[in-house]
Amino acid sequence: MEAIPAKMLDQYVERRGYRIIDLRSYEEYLRGHIRGALSAPEGKPDTQLNGHKKDILILYCDRGARSMSVARELERKGWRTKTVVGGLRAYRGDNIVKIRAEDMAGKTIDRERGGH
């Protein structure tokens, strides 16, 4: 597991071979998340990735503690991980996606995949 500064997140957005995982609650994810991030509020993104262990997981939470813990657990299961120091609160880049309530009217949200 490698700890990376929040400012490095932009380097991994939509980059082949990397999956960005948001470990915060689904409601927090909807209020704002990194573009392309998968929502995994239960802290078990490995169950949603169907064994794509070739990808490196970039994990973030609100402040960084939860992502560090989940990263350690995933490393024990054979995943390669990076965790964001300071979490989303430390991020100051341009890749935040916010979903407005009016955008959600009449749409189905796939909570399992974090889709919108």
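Predicted model: local features only at pLDDT ≥ 70, side-chain atom pairs only at ≥ 80, totals over all residues.
The aromatic pairs come first. Their count is two. One of them joins Tyr12 and Tyr18, whose ring centres lie 4.8 Å apart. The planes of Tyr12 and Tyr18 make an angle of 55°, and the pair is tilted. Tyr12 itself is buried, because its relative accessibility of 6% is under the 20% limit.

The other pair is made by Tyr26 and Tyr29, with 5.8 Å between the ring centres. The planes of Tyr26 and Tyr29 stand at 20°, so this pair is stacked. Both residues belong to helix H1, which covers residues 26-31. Within H1, Tyr26 and Tyr29 are three residues apart, about one turn of the helix. Tyr26 counts as buried at 4% relative accessibility, and Tyr29 is buried at 1%.

The salt bridges follow. The model has seven salt bridges. In one of them, the side chains of Arg19 and Asp55 meet with an N to O distance of 2.9 Å. This pair links distant parts of the chain, since Arg19 sits in strand E2 (residues 18-22) and Asp55 in the loop between strand E4 (38-39) and strand E5 (56-60). The two residues are 36 residues apart. Arg19 is partly exposed, with 31% relative accessibility, whereas Asp55 is buried at 8%.

A further salt bridge connects Asp62 and Arg89, where the closest N and O atoms are 2.8 Å apart. Asp62 has a relative accessible area of 24% and is partly exposed.

Glu73 and Lys77 form another salt bridge, with 3.6 Å between the closest N and O atoms. The pair counts as a salt bridge because the cut-off is 4 Å. Glu73 is partly exposed, with a relative accessible area of 28%, and Lys77 is partly exposed at 37%.

Some salt bridges share partners, and in this way Asp62, Arg63 and Arg89 are joined into one network.

Conventions:
Residues numbered from 1 in each chain as written. Heavy atoms only, no water. Phe/Tyr/Trp six-rings, centres within 6.5 Å; stacked < 30°, edge-to-face > 60°. Buried < 20%, exposed > 50% of the residue type's maximum accessible area, 1.4 Å probe, protein only. Helix = DSSP H or I, 4+ residues; strand = E, 2+ residues; numbered from the N terminus.
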